[in-house]
Amino acid sequence: MNTRITNGFLPQILERWSGQYGGNAVGAALMIVACLTNAAMMASVKELSQTYPIWQVLLMRSVGQSTLLLPIIVSSRGEVFKSERISLQILRVVLSFISLMAAFYTVANIPLAEASAISFLRIIFVVALAGVLFGDRVG
C-alpha cells in the first residue's frame, strides 16, 4: 500500500483525536457526520430532481466526489486504480451506479420519509440474501 495515502493529513488528525477522545468517540462522530451528509445529499437530490433529470443529478454528484478524491488519486500516482481482479472492480462500479441511480430515482419520486424508511430495509435484504446467495449462517 502507498504510504502517502495512509500517512496523509486526515489520518494523522483522526489518529490524534483517537488518542485524545478514544476510538469509539471518533467513530461515533464520523458516523454522525456521515448521517448528516447523507441526509443533506438526499434533500439536495429531492430538490434538484424537480428541475434536472436524475442522471444529471447523479453526474454532478459523481463529479463532486471525484473532485474531492482527486488529491488522493494524484498523490498516489494512480496506485488507487490498480487491482488484481479488474473484472470484479468493473462489476462493482456498474452495480454501484445502478444502486445509486435507483436510490436517487426513489428519492425523487416518493416522499423523502418513505424513501428513508425503504433505505433502512437494505440491511434486512443483505442479511437474507447473504444466507441464500453465499451460504452464510445468519444468527
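This is a short walk through one predicted protein model, from the overall fold down to two residues.

Okay, ground rules. It's a predicted model, so local features need pLDDT of at least 70 and side-chain atom pairs count only at pLDDT 80 or more, while totals for chains, interfaces and linings use all residues. Residues are numbered from 1 along each chain as its sequence is written, and side-chain values use heavy atoms, with hydrogens and water left out.

So, the fold. We have seven helices and zero strands, where helices are DSSP runs (H or I) of at least four residues and strands are E runs of at least two, numbered from the N terminus. The radius of gyration, taken over C-alpha atoms, is 18 Å, whereas a compact globule of 139 residues would be near 14 Å; that globule rule is 2.2 Å times the number of residues to the power 0.38. The C-alpha trace spans about 45 × 45 × 40 Å along its principal axes.

Now two residues. Ser49 sits in the loop between α3 (23-48) and α4 (54-75), and it counts as buried because its relative accessibility is 17%. Beyond its neighbours within four places in sequence, Ser49 is in contact (heavy atoms within 4.5 Å) with Ile54, Val57 and Ala108.

Leu129 is another story: it lies in helix α7 (residues 122-134) and is partly exposed, at 44% relative accessible area.

Notes: Buried means under 20% relative accessible area, exposed over 50%, partly exposed in between (1.4 Å probe, protein chains only).
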